[in-house]
Amino acid sequence: MLELERINSFYGKAHILSDLSLKVERGEVVALLGRNGAGKTTTMKSIIQLVRPRTGRVLFQGRDLVGMPAFRAAKAGVGYVPEERRIFGALTVLENLEVGRQPRRDGAPHWTVEQLFEIFPNLAERRRNQGKAMSGGEQQMLTIARTLMGNPNLLLLDEPSEGIAPVIVEQMAATILKLKAEGLTVMISEQNLHFARAVADRAIIIEGGEVKFDGSFTQLEASPEIRDAYLAV
Ligand code: ATP
């Protein structure tokens, strides 16, 4: 579904991603792991084109996204949930979802508000509440649900477990597993190895803008030297 081919991304003169290549298959949940500043967020931004790789290709369902405006990459079926929550505080939960609605014509999954309320029961209970009245974790869930209203085929979640209460972290993991069961392809960026292992099929470790490991969590567990070198555990 997604293939990054030797992408090189920069902020000004700073060379952040170096010949980074990776693949994500349809229906997979893949975790991007790595320490602060390793390049996880830049990798996601390079997919959705908030950062434009200077060289290399981002093949998504056979199309190269490089050079498209980010809204076109989104229309092509990539949903991006940044680390900072993006909700409309003055709108209700229901209104926030309606704002995210994006009809798609190409046979992509098609979420309705009621289906999303089944997956996010907390949001269903609070559908008439204003966004700003929700906890940080609930706002994060609402951001994800609103992104799903755009009917993406690939969901990019940047550090979904960061800065939210432990009970919500558990709900977040359960939610990602439900989305996987619905057939959605998901890439998460994570510092929390425990969370990543609970939801993802595969781990990709990034350090210094390069892929240092790509394999199963079983393989990763069998290589403590990799864990110690690249992860803050
Ligand atoms: P984090 O967990 O902190 O989000 P990350 O793995 O997602 O880490 P990135 O945010 O991709 O890392 O950052 C990779 C590198 O790019 C870091 O060295 C960071 O300082 C640098 N960087 C990030 N954003 C910018 C920017 N807007 N301008 C210049 N440098 C940046």
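1. Let me start at the ligand: one of its oxygen atoms has a polar side-chain atom of Asn 36 at 2.9 Å. Please keep in mind as you read that this is a predicted model. A polar backbone atom of Gly 39 sits 2.8 Å from a ligand oxygen, and for Ala 38 a backbone N or O atom is 3.1 Å from an oxygen atom of the ligand.

2. The largest nonpolar core counts 46 residues, and the ones with the most contacts inside it are Leu 33, Phe 120, Ile 144, Leu 148, Leu 155, Phe 217 and Leu 220. Which helix gives the most to this core? That is helix 7 (residues 166-181), with six residues. A separate core of 27 residues lies apart from it, and its members include Leu 32, Phe 60, Leu 65 and Ala 73.

3. Leaving aside residues up to four places away in sequence, Phe 217 touches Ala 31, Leu 33, Leu 193, Ala 196, Arg 197, Ala 200, Asp 201, Arg 202 and Ala 203. Leu 33, in that list of neighbours, is also among the residues with the most contacts inside the largest core.

4. Finally, two backbone angles for you to check. Most residues other than glycine have a negative phi. Gln 61 is not a glycine, yet its phi is positive, near 50°. Gln 61 belongs to the loop between strand 4 (55-60) and strand 5 (63-64). With a relative accessible area of 35%, Gln 61 is partly exposed.

5. The other one is Asn 151, also not a glycine, with a positive phi of about 55°. You will find Asn 151 in the loop that runs between helix 6 (136-148) and strand 7 (154-158). Is Asn 151 buried or exposed? Its relative accessibility is 2%, so Asn 151 counts as buried.

Methods. Residues numbered from 1 in each chain as written. Predicted model: local features only at pLDDT ≥ 70, side-chain atom pairs only at ≥ 80, totals over all residues. Heavy atoms only, no water. Polar contact = N/O pair within 3.5 Å; in protein donor to acceptor, adjacent residues only side chain to side chain. Core = buried A, V, L, I, M, F, W, Y, C linked by side-chain atoms within 4.5 Å. Buried < 20%, exposed > 50% of the residue type's maximum accessible area, 1.4 Å probe, protein only. Helix = DSSP H or I, 4+ residues; strand = E, 2+ residues; numbered from the N terminus. Contact = heavy atoms within 4.5 Å.
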